[in-house]
Amino acid sequence: METTSRHTNWTGVALGLTLASYAAFQQFKLPPALPLMLDAYGYDRTLAGGFMSVYAAAGLFLSLALGRHMERRGPVSAVLLALSLMALGTLATLAVPESGWLVLAARTLEGVAFAVLAIAGPVLANSNAGRDHLPLVIALTAAWIPIGQLSAILLAQPGFALLGWQSLWWVALALTVALAIWVGALARRGHPAVRTGSQRASVSGEAEAAPATVSRAQRLSLALAGAIFMLWSGQYFAYMTWLPQYLVEALGFSLGGALFGYTLPVSVLLVAILITGHAMNRGVALGGLLVGGLAAQTVSWIMLPLAGDGLFGVLALIVYGAAAGVVPTCLFAMPSAIAGHGRTAATAFGIIMTGRNLGVLIGPVMLAQAFAMTGGWNWSAPMLGGVTAVALVLGVWLSRRIGGTNYGTSR
């Protein structure tokens with residue numbers, strides 16, 4: 001694996017993590033509000049699942065091109081355009097929420113913006129990390145989704161009491177303005193935080209150690225990682241999109257109780273991410289961690305059909321959350337582990353994010369369709385558990401390809 005400088009630009013790391021977490025907040029502001037929106041506007045369930053899935057549609061088609069664009073021109077112009085699209089989509093939903101198709105169009109605009117930020121954020125965070133801090137930053141990079149989720153959940157209850165579901169959209173708009181001001185100020189000053197690793201090397205006259213292109217072997221490993229990300233994201237986003245509605249509808253939870261149940265696996269997930277980052281720093285093989293996480297995720301799906309609203313149900317949510325922390329941490333580490341940190345970094349992230357976006361596109365709608373066809377949630381766990389089991393098989397294959405690759409400072 002290619003190493004980076006020993007020096008960490010913490011402003012760049014913070015900017016990358018903030019942009020990514022903000023993007024996740026924008027996507028996950030929907031699930032806590034969805035029960036209220038369904039009640040108020042009576043959206044068709046498949047259309048409502050599309051509100052979540054459509055975020056991935058733009059990324060599915062744009063991720064590779066965006067990666068190449070940011071390698072050539074840097075992230076600033078793309079990030080500022082993304083923030084503008086986020087603002088436009090947010091305002092459109094606030095203006096005409098009763099039109100499900102307009103809300104879908106607004107979420108599509110937000111999805112285009114998300115595709116930019118989902119690459120720019122991790123690339124900026126990782127490329128600004130020094131060699132000694134890289135495992136920590138990779139773990140933090142993997143935390144951007146649960147950070148965005150938890151932010152939405154924590155703001156939901158007090159916000160809903162004051163302004164209804166719209167409160168999360170107003171918060172999103174305020175965050176958009178604040179981030180545009182921050183990025184613009186850094187860009188005007190020419191701050192190195194807004195440059196990728198290859199741009200900094202070009203400015204300083206340093207030789208770029210990484211190859212200019214991703215090799216065929218690297219591309220195959222990255223494609224395999226992307227396929228695993230597709231399967232894993234499909235089951236994760238299906239579960240997380242509909243979990244609050246399931247808890248209200250199937251188990252009779254109040255909205256407050258459903259939000260607590262939704263919070264539990266996400267909170268455990270964050271802890272698992274930090275533990276996984278520590279394990280990576282200690283030299284545990286990346287492939288072994290990935291396989292272990294996917295195996296635990298598969299076991300959690302076996303447990304879930306047996307779980308109710310008691311202690312076993314809580315345990316099932318904890319196991320699910322723990323496994324869901326390990327897997328994305330490993331997958332977000334794969335671009336750096338496979339292709340290094342040079343000019344190929346954004347392209348490598350684009351490859352695995354294409355897989356992730358395909359999973360996000362399919363998962364929530366697939367689960368909504370399964371509900372519509374069966375009239376209940378009984379097939380959810382077997383279906384999503386099967387998807388996870390396939391990801392496990394691919395994880396074993398990827399682990400064999402990358403061997404004992406790790407980030408550790410101790411062996």
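This note goes through a predicted model point by point.

1. Ground rules. Residues are numbered from 1 along each chain as its sequence is written, and side-chain values use heavy atoms, without hydrogens and water. Because the model is predicted, local features need pLDDT of at least 70 and side-chain atom pairs count only at pLDDT 80 or more, while totals for chains, interfaces and linings use all residues.

2. Salt bridges. The count is two. A salt bridge here is a side-chain nitrogen of Lys or Arg within 4 Å of a carboxyl oxygen of Asp or Glu. One joins K29 and E110, with the closest N and O atoms 2.9 Å apart. This pair links distant parts of the chain: K29 sits in the loop between helix 1 and helix 2 (30-41), and E110 in helix 5 (residues 100-127), 81 residues apart. Helices are DSSP runs (H or I, at least four residues), numbered from the N terminus.

3. The network. E110 also meets R107 in a salt bridge, at 3.4 Å from N to O. Both lie in helix 5, three residues apart, about one turn of the helix. Shared partners join K29, R107 and E110 into one network. Are these residues buried or exposed? K29 is buried, at 0% relative accessible area. E110 is buried, also at 0%. R107 is buried at 1%. Buried means under 20%, exposed over 50%, and partly exposed in between (1.4 Å probe, protein chains only).

4. Helix pairs. Helix 1 (residues 10-28) and helix 8 (residues 166-188) have axes that come within 11 Å and cross at roughly 155°. That makes helix 1 roughly antiparallel to helix 8. Helix 12 (residues 286-303) packs with helix 15 (residues 380-402) at about 165°, axes 9 Å apart. These two are therefore roughly antiparallel as well. The label applies to angles over 145 degrees. Axes are lines fitted to C-alpha atoms over the stretch in contact, and angles run from 0 to 180 degrees between N-to-C directions.

5. Covered parts. Seven of the nine residues of helix 6 (residues 134-142) are buried. Among them are L134, V137 and I138. A225, in helix 10 (residues 216-249), is buried at 1%. Its C-alpha atom is 6.7 Å from that of L331, 106 residues away along the chain.

6. A surface patch. L306, L311, F312, V314, L315 and I318 form a nonpolar patch with about 570 Å² of accessible area together (Shrake-Rupley method, 1.4 Å probe). Patch members have over 30% relative accessible area and no salt bridge, with nonpolar side chains joined within 5 Å. L315 belongs to helix 13 (residues 311-339). L315 is partly exposed, at 41%.

Conventions. Patches are made of residues with over 30% relative accessible area and no salt bridge: like charges are joined within 9 Å, nonpolar side chains (Val, Leu, Ile, Met, Phe, Trp, Tyr) within 5 Å. Angles under 35 degrees count as roughly parallel, over 145 as roughly antiparallel, 65 to 115 as roughly perpendicular and the rest as oblique.
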